[in-house]
Amino acid sequence: MGVGPSTKETSLHHFRDPLLDVISEDTDLDLLGVIIVGTPQDNASKERVGQRTAQLLEAMRADGCIISCDGWGNSHVDYANTIEEIGIRNIPVVGITFNGTQAKFVVSNKYMDTIVDMNKSEKGIETEVVGENTVNKTDARKAAAFLKLKMRNNTR
Amino acid sequence: MDSIELRRLVVRSYHVNEVKICEKFSFNNKVLCIDNSCIAPLLEDELIKKIDIRIIKPHEHDIEINTIMDIIPISVKALGKLGSGITHTITGAYVMLTGCDEDGRQMHEFGSSEGILKEKLRLNMAGTPSSQDIIIHVDVLLKGGEVYDRHLPLAAFRACDEIISHIRGVLRTQDARSADEVHEFYDRVRMGAKKVAIVKQVAGQGAMYDNWLFPDQPSGYNGGVSIIDIGNMPIVLSPNEYRDGTLRSMD
């Protein structure tokens with residue numbers, strides 16, 4: 001299981017990504033950059049790319065981050081691991097991904113307490129309709145609001 | 001709050017009212033002409049058996065399609081590299097790539113979207129055309145009997161990018177004054193604001209579970225590298241590099 005048709009971000013989505021629009025226009029936030037990280041096959045590699053992502057954020061002196069994932073199932077193993085690595089470094093982190101009713105997290109940890117569910121389908125499932133369960137501006141604004149709250153409460 | 005501007009990206013959009021199949025690629029008075037003869041050289045690739053280009057008008061979505069491999073904006077650098085300078089992009093028409101092989105295997109990884117277009121595409125999302133947009137439908141038939149790995153869908157992505165490159169050729173030379181919209185985006189430092197990053201976890205395991213980075217042209221294929229081939233390791237893009245089509249979806 002990975003990326004289904006309804007959660008898949010097309011090249012057009014990347015070209016006009018609502019998450020980038022919302023975060024880059026928010027004058028309370030200084031957007032350092034966009035980190036792209038993949039989802040390797042074996043567990044050792046999954047852990048490695050998660051650790052590297054978190055270390056990169058620490059090196060950038062990030063006050064917080066939003067991590068989005070357009071897949072689920074197996075992709076959520078990578079996702080949970082990366083979020084944990086970021087959380088351990090005491091960097092506030094908010095997630096956006098697909099859960100609905102079908103894609104409950106296969107693994108989770110205490111840092112996954114603010115996740116925005118990008119499901120849009122009535123039944124909460126992978127509908128195989130392209131574009132249906134993808135991030136919109138409302139999802140992005142929710143994530144930004146969660147992150148601001150988390151950063152404010154972070155006493156680091 | 002004070003901000004320091006680092007780099008500027010200008011995106012000029014050119015609206016398309018009509019797309020036609022003609023004898024020559026051209027783009028004048030909001031009419032985009034596509035020359036079907038660009039397909040013939042693409043068939044020299046032994047993996048590609050057939051390519052059809054079909055123009056789908058708004059509200060004419062009651063048609064059967066193979067699985068949707070990607071929706072691709074048509075953009076080209078008029079000046080500079082990805083993330084700065086000037087980009088020309090087309091609005092009102094987007095490319096939809098679909099594909100299967102001669103054995104009827106759909107080009108997808110987990111769940112596929114073949115069927116009736118109007119039931120398989122949610123319009124008006126960030127990653128899909130609006131209900132008023134024209135769809136330039138590129139359907140690729142790939143060689144049957146092949147091992148289903150990356151080389152097969154990549155052949156379709158490559159061929160589709162070749163077709164788009166002809167459109168880029170006539171888009172690049174559009175007059176600045178005839179642009180319908182001009183947008184300016186800045187990579188900037190907002191002094192004193194909370195420093196945040198966006199992390200995008202993307203597919204990177206194999207056929208139709210792949211993403212491409214750093215193509216020569218926005219949302220392109222040529223010159224790019226697969227996230228699989230760079231070990232799925234995290235890569236930092238500036239906001240404008242990301243906005244300018246540095247990440248190309250292949251999943």
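Chain B contains an open sheet of 4 strands, arranged in the order E5-E12-E10-E7, and the pairing within it is mixed. The edges of this sheet are strand E5 (48-56) and strand E7 (68-72) of chain B; each has a single partner strand, so one side of each is left without a neighbour in the sheet. From one strand to the next, the twist averages 15 degrees. The model described here is predicted.

Strands of a sheet pair through backbone hydrogen bonds, and the pairing may be parallel or antiparallel. In chain B, E5(B) and strand E12 (residues 134-142) take the antiparallel sense, with 8 bridges between them. One position in this pairing can be picked out by residue: Ile55(B) has Ile136(B) of E12(B) opposite to it.

The loop between E5 and strand E6 (64-65) of chain B holds His59(B). The backbone of His59(B) has a phi near 65 degrees, which is a positive value in a residue other than glycine. Is His59(B) buried or exposed? Its relative accessibility is 63%, and because exposed means over 50%, His59(B) counts as exposed.

Chain A also has a loop residue to look at. Arg61(A) is located in the loop between helix H3 (43-59) and strand E2 (64-69) of chain A. Phi of Arg61(A) is near 60 degrees, again a positive value in a residue other than glycine. With a relative accessible area of 57%, Arg61(A) is exposed.

Note on methods:
Residues are numbered from 1 along each chain as its sequence is written. Chains are lettered from A and ligands numbered from 1 in the order in which they are written. This is a predicted model: local features need pLDDT of at least 70, side-chain atom pairs count only at pLDDT 80 or more; totals for chains, interfaces and linings use all residues. Side-chain values use heavy atoms; hydrogens and water are left out. Two strands pair if DSSP finds at least two bridges between them. Helices (H or I, at least four residues) and strands (E, at least two) are DSSP runs, numbered from the N terminus. Axes are lines fitted to C-alpha atoms, for helices over the stretch in contact, and angles run from 0 to 180 degrees between N-to-C directions. Buried means under 20% relative accessible area, exposed over 50%, partly exposed in between (1.4 Å probe, protein chains only).
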